Structure formats: structure tokens, C-alpha cells
Amino acid sequence: MNEENNNIENIHIQAETLETEVKRFANELPYWAKFLAEKILSGNAVSENYIDTSYSYLLELLQIKEETEKSEITIDYNIINAGQYKSDLLLAKLENVEGVNALTENQTIEFSPNLTIIYGANGSGKSGYVRLLKNVFYSKYPEDILPNINIENEHKSINAKFTFKSNNIETVLFITNRDNTEFEQFAVFDGKGLFKQLAEKNEFEFRPAGLSFFANYTSAINRVEEKLNTDIQTKQLGNTANDLSALFDGNSEIKAIVQNLNAETNIYDDLKKYTPFSDDDKTQKETIQKQYDELLLALKGKENEIKKLGNIKTLLAKNKQDIEKLNQFFTIEMIVKIQSVITDCISKETTAKAESIENFKTDKIQGVGAIEWKNFIISAEEFAKTQKTGNAVYPENGDNCLFCQQLLSDNAKQLISNYWTFIKSIMEQKAKQAQETLDKAKQSYESLNFDLFPQDNTLTVWLTEKYPDELVALNRKLSEQKTLAKNIISDIQSKTANERIAIEIGVEQHAAIETAVDALIKNLTEDEQSKELEKLLNAKTFLEHKEKFNTHFPKFETYVNNQVWIKKAHNADYAKRIITNAEKTLSNKYFNQKYIDTFNNECQKLNGNFGIEVNHTGTQGKSYRQLKLKGQNPNAVLSEGEQKVIAIADFLAELQMSEINRGLIFDDPVNSLDNDRKKQIAERLALQATSKQVIILTHDLIFFYHLKNFSKKYLNGIENSFIHHTLERDNQICGKVVANTSPANEGQYNDPTKAEEWLRKSKITNGNERIDYSKAGLAALRASYEALAIFTILGGTVQRFDPQIRMGRLKEIKFEKTLIETVVEKHGEISNLIEGHLPSDEFGIIPSPEILEQQITDFKRLKEDLKNVQYNN
């Protein structure tokens, strides 16, 4: 029995897969979300129509829409069939590139199902093709495609024709079709994205389809959420409760209800009870309006009287304030203060006179020390200042008297200077300040206004009629204050500190009069007629509001319905935290560790065991990774070459985990690497080409050499498994594709076979194509001359890009100076024809089948002559 239970448990464990767990997650979703999950898991693109349908189901769940009958959703998810992805997809051909940098048009690049190498020196057009590929396929560092900078206008639109093949059926797509799933199945590695790849957190773009579901599902529900939020905002943009209540002038219970409209308002219980506005309501409104108008007319006199009394209250309060301000000047404290100021001024003037006047007494002038004398000196000093500029002071040597205009003697100058010193003395200044205080006090009393009850003043007229005795008493007191003010001014002028009696005006009568006015106003407003008028106004306002309420009832109904809609909409639950947690759980269970193992395995294959750690995070259904080296970003610790190795390992590891990726494209992946690293990467990519399509663009001949060698090791016997092309530049135009050619790096060019193939093609064509084929044949023949040097002249002792020296072949070296000079001469001649080292067309020499055929004949004869050379002793 135990054994049987164990078997059942094992079956259950085996059945628990990423696929089944994703299915279970989808089956537990609410109907509206499950609808989207089913579409995604069935491989359908989530169209706007699907979003609208899901949104409608969500509204039903929120009880915003009436629930409809819905068919059962079955999650039929199979990883193999999920999506429109093709497991045998190949990129077969790229052609008809237009508007991309300065690339030559009408070119065709055919790709091997396994390994394709596109070789081109710097400036040959590789960057243009790479920008194009990064623009349509996945890349961590996409770049804008640039137009041809060598032409000013008439730039063509960017376009290219991509031919894909699946199940032996070709599919032709263009750049405008880049959203097709075919483009999602290829990825480009570019060293320019190193910083982003190693220094930043990176999203896993290629993961098992089951995990990719969460990001796609999150994106879909975000679109539903956005749709709901848009509708909420639209309904919130309508009238507010304040806007609706502004339709009503005055106050009523109807207006109060409108002001408080919300989602809890019951349209039938709270609003419908005020509908309709009947004919009886209309008749009642007209009757009440008439009664109100008649009573209002009768009460107009009372309203005017109330308004008049209100004005009297205001004037009376202002008058009371004015009297209280006057009283401040006639209190016993103020009178004592004035007496003190006068006494202080007299004292300081006496002291100043006693201290300095004796120096100026003379029989020639009377009144020395008098106030007139002082004022005379002060005025003279002010006038003297106008005679001088800058810092000069009157009098100086040579100055004349300001009065008699005679030249001043030394004694006269000294006397005037003493006058100036006197008026600036401390006691004199104190006396001056005391005088200024008196002057200000005098001005204050002179500015007082005692005419507080002008004859035609509204308050005066009313008091004369209603409170004549109080008015007489107030005017009498004001007259007494006015007399006292005159006496105080006289005391200040004469500087006599006379005893004065304080006079303050009482304001008790103002309070009594204000109380009486309030009583009058209250009596006028609280009579039965006023109460009846208020009652009629309320009834009239209610019926007016009821009429308007019925006129605008659809607005109130719409507003309440919108509030109910919005309240229900806010209950929408998108369960984003659940999505994130589910994705994290399944990523940890089925992906993260597997990625780490795959990454470490790739690092080992590339001899890149630097101790890199991988940190995983996730949010909104997406997974991210960050590479660290002892807590630091790898780009801050490793060399550029080591960074490149780690980046390639990361790229390969992620794409090995992908079920959809079918092709890898590399742009010069070995820059800054030494020969050993180049060899390791070449072997790894050649091995990768056995399971996925690999396309490599490079300008590195050593790397090219290693790729070709390893392709023989891993791809030998696979039909059409290795293709190589060369990109060439012609003046300002680059990207010329020379198909099935490469730099000479082994014995494939020992014989002029490829040159003869191009010769046959050139003979059956015309025009530019005839010249191009001839040039291609000459290029192949030039490679044969290079192979001739390696394998025939040097006997294969030293081979291109191979560090090994084959000492046993030294005896095969052939040396005949004349023949070697001929080889060098012929190689240069062919180079001039195809590369323009010496512009051949200036001399009328244009590559042709005849020239190519002659050059092939010369090559064969020269090779035969070399073979006949005796071994060099």
C-alpha cells in the first residue's frame, strides 16, 4: 500500500509543471481576467476588441452593467503551440535595403540555417546593417537608423525586405511589419549595450512562455485598468454638486438636497418626491407670487425705515469714536503732560542761555540770547551753507560778510565760527528738541475738529428731532473742549505752565440711543406682516426651485448615477500583488536557478569564471536580473575584454532558456579580446550554430579564421551549414555585398575555381552586372594569389592567423626571385583593377570577362612555373 501511495505521489509531482501551474493560476482568475488569460495562453494577440470584451465583463462583476449569460472558459494551454512562434523559423534572406546610412541598394544577403559570417573592414557598411537589424530584432541597445549623410535631400524612406522560412514555406516581411512575431524570434548582441547589461538591472526578455505570460497578462489588465480610469475621469468631468446647486437662487430643502447629492442618494426616495411640477404647483406659485408682491409693496415703508435706522446706528458709532478721540487730549494726564513739556522747554532754554550767552554779550547789540537772536543765527548758518560747495565751510579766508559784503577780519571770522558752535552745543540742542516737542503738541491741538454735529448732517437732523436735549449737551461740552484747546495752544506759545481743568465728554447717552434704535429695528422686523412676508418668500422660493428641479432633473439623475458608477468602479481589484507573487514563485521554481546554472556553464565554456553573482527581482509580472561581482557592478571591476565575455555568457544563457528564440546575431563580439579569447568565443558560437541560426558580422580576420576552422569541426557534413560574405566600400557608397567570398585564410583558393565561377557568370550578363561579376572574379583571383604565397611559395610553413610554425614544411619552400617578383606584380595589378589603388578607369581599363580570363590564364601558368622550381637546398 505504501509503495502504491508513493507511486501516486510521484505521478503528482511529475505532473506539477510550469504549464500546469500557470493553468491553475489562470483558472482561479475572475471571469473578466480569465478571458484575457485564455487569449494570451492560446497565443492570440490581445486586440482592442478583446480588451473591450474583458472590460464589459469587469463592469458586470462590479454590478455596473447588467450581468449577461457567459460561456465557460477553458484554459487550453500548450507551451509548444502557444503563440504564433515557429520552432523551425529561419532568416533566409535580407535584400532591397533602402534609406539606411549610405548602404548600396539592390543588395542581397543570404543566410545559412546554421552559421553565416559577414566580413567587412571598417567603413565597409557593417554598422548600417547592424543598425537595421537592431531596429527590427531585439537588442539591449537599439539605435536610430541614419540617412545617407553624403546627400542633402531626396532621402528615401527606410525599408528592407526580410525573407523568413518555416516548414519550407517562405514569408516575406518588411520593416513596417516589425510587430510580426517572426521578428521577436531573433536577438542582436552588440557591445555598445555593455554598460546597460552589466551596470543596470535588466529585464528577462526571453523566458519560458509560461513565465512570459505574466508580463503579457499584466500588460493586458493595465489596458483594462486604463480604460476604467478613463471612464471614471470622464464621469468626474461633468457637473459637480456645487455646479448643480448654483442653478437655484436662495435657499430651500430642494437646494440642500442638491448640494449633498452623492452615491448614497436614493433617486426614488430622495429626488422623485419633488416631481412632477404640476399645474396645481404652477397655479399655487402664481398665487403666492401675487400675495408676496402685494405685501412687499405694503412693507416697503418699513424696509426704508429699517434701512434709515441702520444708517443712524453707523453714524452714531462713528460719532462716539470721534468724541473718545477728542477726550484723549483733555484728560488730567494730558494736561499735566503739556504743563511738564512747557516747564521742560523753559528749563532747557534757560540753561543753554546761561552756559553760552555771556560769551556774546556786547554793548553794540541789544537782546543777545533772546529767541529772536538765536533764530537769526540759525537762519544765517542755513544761508551760509548755500555759499559753499562740497566740504567747504563758511567763513574761510577771503570770505566777505553776508550783509555788508566787506572782507571779514580774523576777529569777525572767529566770532561767526563761535556762533555756529553755540547753536550746535548740547544744551542748545536739548532746548531745540524741547521746542520741537512743544511745536508738535501745538499742531495736534490746532488740528482737532470739534464740529462733530454739522447743521445739515443726517445724524444731527435725526438727533435734533429725536434727542434734542442730548444734542445740546454734547455741543456744549464740545464748545468747552474747544475753548480749553485754545487756552492750551496759548500756554504753549507763551511757554506758560498754567493750571487747566480737564474736560471729558461722556458717551453714555450714545449707548442709550443705540439700544433704543435696536429696539425700533426689532419692532419693525418682527411684526406679523414681516413674518408673513418671510413665510411667503420661503413658499415662493420652494416652488421656484421645484420648477427648476423638474426642468433639470436629468442632470441630477445623471450625476447621482455617475457617483454610484464611480463608487462601484473604485472596487475594481486587479490583484497585481498576486500576479507579482505568482511570477516570483514560479520564476524561482522553474527559471531563476536554471538561468544561473546556464549562465555559470556559459562562463565556464568561455573561461570567464570571475565569481559573478546573479540577483533576481520581479514586478508587474516581469523578472529582472542584476549581475554583481563581490557587491560591485562588473563593469567597475573587470577589464573591457572580461566584461565582453560576461556579457556574451549572459546573452547566450538567457536565449538558451527561451522557447521562442531561433536566431542570434552578433556584431563584432570580440573587440578588445586577445587571440585565446577570440578562439574560445569562436568555438562557442560555432557550437551554438548546431542548434540555432547564428549570424556574425566582424572585421576581425583572426576571429574569422577561428570561426571557419570550428565550423568544420561542428558543422561538417551539414548541408549549407556555413556561408560567408564580404562587404566592400566603393567611394562614398558602402555595403556592397560580395556573396560567398571571404579573405584568403586557407587552401580553398589554391586553385582559381571561384574566379572561374565568376567568369562564367560575367560572360552571360550585361551592363553593370557584367562589370561587378568581373570584379568579384578578380577579387577571388587576388585571394588565390595570397593562397599561392602561403601554400605554394612558403609551403604552408606559416599560415594566416595560425601561431603554429610547421617546421617540417620548411623543405617545401620554393624560391625563385623572378617568379616571386611576378607574383607581387600580378597581385598589385589585380588590386588596382578592383580597388582603385590606381584609378583604372582613367586609363580606359574597366574590369571585363576578357581581362578576368586573361588574369586567370596568367595565374595558372605562374603557379605551374612555381611548381617546377627545384626544392631550395
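First, the ground rules. Residues are numbered from 1 along each chain as its sequence is written, and side-chain values use heavy atoms, with hydrogens and water left out. Because the model is predicted, local features need pLDDT of at least 70 and side-chain atom pairs count only at pLDDT 80 or more, while totals for chains, interfaces and linings use all residues.

Let's start with strands. Helices (H or I, at least four residues) and strands (E, at least two) are DSSP runs, numbered from the N terminus. Two strands pair if DSSP finds at least two bridges between them. Take strand S1, residues 90-98. S1 pairs with strand S5, residues 159-166, in the antiparallel sense over six bridges. There, Glu 98 has Asn 159 in S5 as its bridge partner. S1 also pairs with strand S2, residues 108-110, again antiparallel, over three bridges.

Next, helix H22. H22 covers residues 553-569, which is 17 residues. From first C-alpha to last, H22 reaches 24 Å, close to the 24 Å expected at 1.5 Å a residue. That expected span is 1.5 Å times one less than the number of residues. Which residues of H22 are buried? Among them are Phe 553, Phe 556, Tyr 559 and Trp 565. Buried means under 20% relative accessible area, exposed means over 50%, and partly exposed is in between (1.4 Å probe, protein chains only).

Now charges. Side chains of opposite charge can pair when their charged atoms come close. A salt bridge here is a side-chain nitrogen of Lys or Arg within 4 Å of a carboxyl oxygen of Asp or Glu. How many salt bridges does that rule give? The count is 40.

Glu 19 and Lys 23 form one, with the closest N and O atoms 3.9 Å apart. They are four residues apart in helix H2 (residues 18-27), so about one helical turn separates them. Glu 19 is partly exposed at 21%. Lys 23 is partly exposed too, at 24%.

Arg 861 is partly exposed at 47%, whereas Asp 858 is buried at 13%.

Arg 770 and Glu 850 form a salt bridge at 3.6 Å. This pair links distant parts of the chain: Arg 770 is in helix H29 and Glu 850 in helix H31, 80 residues apart. There is also a network of salt bridges, linking Arg 131, Lys 134, Glu 143 and Asp 190.

Last, aromatic rings. Rings of Phe, Tyr and Trp (its six-membered ring) pair if their centres lie within 6.5 Å; planes under 30 degrees apart are stacked, over 60 edge-to-face, and the rest tilted. The count comes to 31 aromatic pairs. Phe 35 and Tyr 50 are edge-to-face, at 6.0 Å centre to centre and 80° between the planes. Phe 35 sits in helix H3 and Tyr 50 in helix H4, 15 residues apart.

Phe 137 and Phe 186 make a tilted pair, at 5.3 Å and 40°. Phe 137 lies in the loop between helix H5 and strand S4, and Phe 186 in strand S7, so the pair ties together parts 49 residues apart in sequence. Both are buried.
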